[in-house]
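Colleague: I would like to go through this model with you. Please set each term against its cut-off as we go.

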Amino acid sequence: MSSSTTTHYAAVVIGAGQAGGPLASALARAGRKTVIVEQEHVGGTCINEGCTPTKTMIASARVAYLARRGRDYGVQTSEIRIDLGRVRQRKREIVESFRAGSERRLKETPGLELLFGRASFTGPRSLTVRLKEGGERTLTADLIFINTGTRPAVPNIDGIETVPYFTSTSIMELADVPDHLIVLGGGYIGLEFGQMFRRFGSRVTIVQRGGHLLSREDDDIANEVANVLRDDEIELLLNTTARRVSIHADHIALTVETGGKERAVTGSHLLAAIGRTPNTDDLDLAAAGIQTDDRGFIPVNERLETNVPGVYALGEVNGGPAFTHISYDDFRIIRANLIEGGNATTTGRLVPYTVFTDPQLGRVGLTEHEAREQHRTIRVAKMPMSNVARALEVDEPRGMMKAIVDAETDQILGCAILGLEGGELMSMIELAMMGNLPSTRLRDAIFAHPTLAESFNNLFASLES
């Protein structure tokens, strides 16, 4: 429906992601006339292209992995065959279920209007929305919230425009398992997809410009992740730069440079997982005077305010940590401040995350490198997962545990858990950090046996003096 009139709202939310959807509902329930504008699908990257679909497919890959390992457990299995079409369909069904539920909740919220279309600023408090169904709407508002997220970045490689490469979104729509998948990027997206397709049966080569995978991690953690992937027969090319790429009749040819020497890597499919670009191109932020950085992200202060009063940016579009739970916490900060009369900020918040390789890597707080850069006096606890009874009993002993502890206060500053259910174990340590428990409390706690949690007894008993 098109209208030439201007509609005024108390709040306009651009983007129905993991911050935008809950925020729009909360504002409407608080009695503020609100409209939320979504360009494509309710739920944002997480439900439609990120967490939900990838972890659904990773679950299928883990079943394939365990089935192949049946003999290790005394279970005889026949030949394992992958029906990627069925894997894809299962993924689609779960995504559609989550998306439909999110959309239904928005539509059923009194005082909230949902528009599908593309929004762009015409001034600090005004927007034009080109509706998906045709026509335009003009909106003005007292408050505007931007939650437009990001999309996969395009590699800066000669010839990339001539090659039918995949992104983290498009590769999930494959109907057949690639013969040889080349992955550009050794971050968490590249590693999750690389291991997943290796378990589906692909040969996999990961090309990483840096000297180790997962650039946020300490060297020992990153090296142990590399050991896990090599154990899975994934080829890792570290300190390697992609220079050129071309398509041939039966393969993709990628020219890479390592140590000043070039070589060719050939494969059937190419996945670009080199980072993400903010969805700010079409917003015409300049018309509102909203500043961006040189990559297009929208800088905000600790209260998520842009440089324009009354305009906020939430989620990864503001350049903060690109995690769903951080986007949701951005919503909670806005809710606390604008609806509940609080004074919440992003200052000092913990940023936990899990890389869903298998085993998982869960991390929260400071790394050892970060702690030493801050000139903190620390003690480090490290232990291989092969020392954990439960991991041995289920024959999943790969990985290691590492915790950073303040030497003076005995407070836990951070941890990295690469191992069976590493994300869940990390979350337990995060709870201890939130409760200001000293490491000795975990060292001396009585945990049920045999559980993964009891590994904390030995981990914190191993603290360096």
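Colleague: Which residues point one way from E19 and which the other way, and are they buried or exposed?

Modeller: Met400, Lys402, Ile404 and Asp406 point one way from E19. Met401, Ala403 and Val405 point the other way. All are buried. Buried means under 20% relative accessible area, exposed over 50%, and partly exposed in between, with a 1.4 Å probe and protein chains only. In a regular strand the side chains alternate between the two faces of the sheet.

Colleague: What kind of model is this, and how are residues numbered?

Modeller: This is a predicted model: local features need pLDDT of at least 70, side-chain atom pairs count only at pLDDT 80 or more, and totals for chains, interfaces and linings use all residues. Residues are numbered from 1 along each chain as its sequence is written, and side-chain values use heavy atoms, with hydrogens and water left out.

Colleague: Why is E19 called largely enclosed by the rest of the structure?

Modeller: 7 of the 7 residues of E19 are buried, so the strand is largely enclosed by the rest of the structure.

Colleague: What makes E18 and E19 a pair?

Modeller: Two strands pair if DSSP finds at least two bridges between them. Strand E18 (residues 378-384) and E19 run antiparallel and are joined by 7 bridges. Lys382 stands opposite Lys402 in E19.

Colleague: How many bridges join E19 to E20?

Modeller: Strand E19 (residues 400-406) is joined to E20 by 6 bridges, and the two run antiparallel. The bridge partner of Met400 in E20 is Leu418. For Ala403, the bridge partner in E20 is Cys415. The hairpin of E19 and E20 has 5 residues between the strands, and there Asp410 takes a positive phi near 65 degrees.

Colleague: Which strand pairs with E20 over 6 bridges in the antiparallel sense?

Modeller: Strand E17 (residues 360-365) does. In this pairing, Arg363 stands opposite Ala416 in E20.

Colleague: What makes E20 mostly covered?

Modeller: Strand E20 (residues 412-419) has 8 of its 8 residues buried.

Colleague: How many residues of helix H1 are buried?

Modeller: In H1 (residues 20-29), 8 of 10 residues are buried, so by the same cut-off the helix is mostly covered. Among the buried residues are Gly20, Leu23 and Leu27. Their cover includes strand E1 (6-14), helix H4 (84-107) and helix H7 (324-339). Cover is judged by contact, meaning heavy atoms within 4.5 Å. Gly31 follows H1 and has a positive phi, near 90 degrees.

Colleague: How many helices and strands does the chain have, and why is the chain called as compact as a globular protein of that length?

Modeller: The chain has 12 helices and 20 strands. These are DSSP runs, numbered from the N terminus: helices are H or I of at least four residues, strands are E of at least two. The radius of gyration is 24 Å, close to the 23 Å that the globule rule gives for 465 residues, so the chain is as compact as a globular protein of that length. The radius is taken over C-alpha atoms, and the rule is 2.2 Å times the number of residues to the power 0.38.

Colleague: What share of the residues is buried?

Modeller: Buried residues make up 51% of the 465 residues.
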